[in-house]
Amino acid sequence: MTQALRKPRGALAIDMMVESDRWRQSGDAAALARAAVIEAAAALSTARAELAIVLTDDSAMRALNRIWRGVDKATNVLSFPTKRAGEGPPLLGDIVLAYDTIAREARRQRKPFAHHVAHLAVHGFLHLLGYDHEQHADAEAMEQAERDILRRLAIPDPYRRPAKA
């Protein structure tokens, strides 16, 4: 079941599309994904823009990953940047989040599901803006941007390794 919700906030308009009922049991994770992207846009002084966040499951994510990246497995987040010319604000693209993979990773990493969702939403947003992590220096810059944005949301550093007991 797909449900689309649009709530323009400030300079950023976000379409939220819920394509998996599993997201409905996630509490405030979808709202935190939206808040994380809004915070990222504010932190990076992103001009007026539009984007979509698609909340789906591993089955749909696997199909997208196979079609667009040639990888036949689900992943946690995919970003599809685009540039719309013409009237109105630019369309940045889509951020797609897979519930099942994110939930597994959050459990394995012993972090709150909503925090992991926020991190991946920010990660996807940065990809829409052109950030990448192919080269070490680029990865460092992207990770630092993620840390700075998540800190503004009171979410711990997702790259910090837990202390050994």
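This is a predicted model: local features need pLDDT of at least 70, side-chain atom pairs count only at pLDDT 80 or more; totals for chains, interfaces and linings use all residues.
The buried residues of helix α3 are covered by several elements, including β3 (49-56), α2 (58-69), β5 (91-98) and α4 (113-128).

Helix α3 spans residues 99-109, and its buried residues are Tyr99, Asp100, Thr101, Ile102, Ala103, Glu105 and Ala106. In an α-helix there are 3.6 residues a turn, so residues three or four places apart point the same way. With that in mind, the list can be read again: Ile102, Glu105 and Ala106 are among the buried positions. Just past the end of α3, Arg110 has a positive phi of about 55°.

Next comes strand β5, one of the elements that cover α3. How many of the eight residues of β5 are buried? Six of them are, and the strand is mostly covered. Strand β5 has two partners to look at here. It runs parallel to β3, and seven bridges join the two; in this pairing Val54 stands opposite Val96 of β5. Strand β4, residues 77-81, runs antiparallel to β5 and is joined to it by five bridges. There, Ser79 stands opposite Ile95 of β5. In a regular strand, side chains alternate between the two faces of the sheet.

Now the whole chain. The protein has five helices and five strands, in the order β-β-α-β-α-β-β-α-α-α along the sequence. It has 165 residues, of which 44% count as buried. Of the contacts between residues at least 6 apart in sequence, 60% join residues at least 24 apart. The protein exposes about 9300 Å², and carbon and sulfur atoms supply 50% of that area.

Note on methods. Residues are numbered from 1 along each chain as its sequence is written. Side-chain values use heavy atoms; hydrogens and water are left out. Buried means under 20% relative accessible area, exposed over 50%, partly exposed in between (1.4 Å probe, protein chains only). Helices (H or I, at least four residues) and strands (E, at least two) are DSSP runs, numbered from the N terminus. Contact means heavy atoms within 4.5 Å. Two strands pair if DSSP finds at least two bridges between them. Accessible areas come from the Shrake-Rupley method with a 1.4 Å probe; for residues, only the protein chains shown count as cover.
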